[in-house]
Amino acid sequence: MDETEFWEIVDSTREAADGDPEDHADLLVERLLQLDPDSVLDFARHFEARYNRAYTWDLWGAAALLLGGASDDAFDYFRCWLIGQGREVFEGALHDADDLAELLDDFDEDIDGDGEALGYAADEAYEQLTGVVAPELGIAPQTSEPVGTPFDFDDDAALARRFPRLWERFGPE
């Protein structure tokens, strides 16, 4: 599976789910069940590589702003959700997290930002196809610390300076 096919699967299942992350995950599993086990593992490798790339301080800060705070787990689920938004949003956010202000049509913190189930979709599909747990993917793990310069997510002034467009659109009123 190449990168284009990976993103086509992500996009088609997101569009069919009409933006609901839980439905997206269910549809993704259904779609992956149509593939052979090796292709499911390829999909998992693409997903995991992007998940690891998104382990940055800037994206964590953007998640904290969008979600009204972001614990370790919340940021993990946010990164899965971000991948689920498709290539343009994902790559744009990696380039400049503040671009999410333009890349996200809307954002409902009660629904959006939590793609935990997306992170398990490939594992679930693989297990259903083979009856065994997916093997190690053989890709480098994420760094021990997020990439970039750390800052205090509880400092509203720091968030507003670092993400002026996100702050204007999604910051507290």
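Biologist: Which helices each supply at least two residues of the lining of the second largest pocket?

Modeller: Rolling a probe the size of a water molecule over the atoms shows where empty space is left. In this predicted model, α1 (3–17), α2 (21–32) and α6 (87–95) each supply at least two residues of that lining. The second largest pocket has a volume of about 310 Å³, and 16 residues line it. Nearest its centre lie R14, G19, Q85, L104 and D105.

Biologist: How does the lining of the second largest pocket divide by class?

Modeller: The count is 8 charged, 5 nonpolar and 3 polar residues.

Biologist: And what about the largest pocket, how much space lies in it?

Modeller: About 490 Å³. Its lining has 26 residues, and E48, Y51, G119, D123 and L137 are the closest to the centre. Two or more lining residues come from each of α3 (37–53), α5 (72–84) and α8 (116–130). With 7 residues, α8 gives the most. By class, the lining of the largest pocket has 17 nonpolar, 5 charged and 4 polar residues.

Biologist: Let's turn to α3 and α5. At what angle do their axes cross?

Modeller: The two axes cross at roughly 120° and come within 9 Å. Angles of 65 to 115 degrees count as roughly perpendicular and those over 145 as roughly antiparallel, so α3 is oblique to α5. Their crossing is right-handed.

Biologist: Which residues meet there?

Modeller: From α3, F47, R50, Y51 and N52 meet D76, R79, C80 and I83 of α5. The residues of this contact divide into 4 nonpolar, 3 charged and 1 polar.

Notes:
Residues are numbered from 1 along each chain as its sequence is written. This is a predicted model: local features need pLDDT of at least 70, side-chain atom pairs count only at pLDDT 80 or more; totals for chains, interfaces and linings use all residues. Side-chain values use heavy atoms; hydrogens and water are left out. On a 1 Å grid over the protein atoms alone, a cavity is a set of points where a 1.4 Å probe fits but cannot get out, and a pocket is an open set with protein on both sides within 12 Å along at least five of seven lines; lining residues have an atom within 4 Å of a point. Grid points are joined across faces, edges and corners, and a volume is the space filled by probe spheres set on the points. Helices (H or I, at least four residues) and strands (E, at least two) are DSSP runs, numbered from the N terminus. Ala, Val, Leu, Ile, Met, Phe, Trp, Tyr, Cys and Pro count as nonpolar, Asp, Glu, Lys and Arg as charged, and the others, Gly among them, as polar. Axes are lines fitted to C-alpha atoms, for helices over the stretch in contact, and angles run from 0 to 180 degrees between N-to-C directions. Angles under 35 degrees count as roughly parallel, over 145 as roughly antiparallel, 65 to 115 as roughly perpendicular and the rest as oblique. A crossing is left-handed if the near helix is turned anticlockwise from the far one by less than a right angle, and right-handed if clockwise. Contact means heavy atoms within 4.5 Å.
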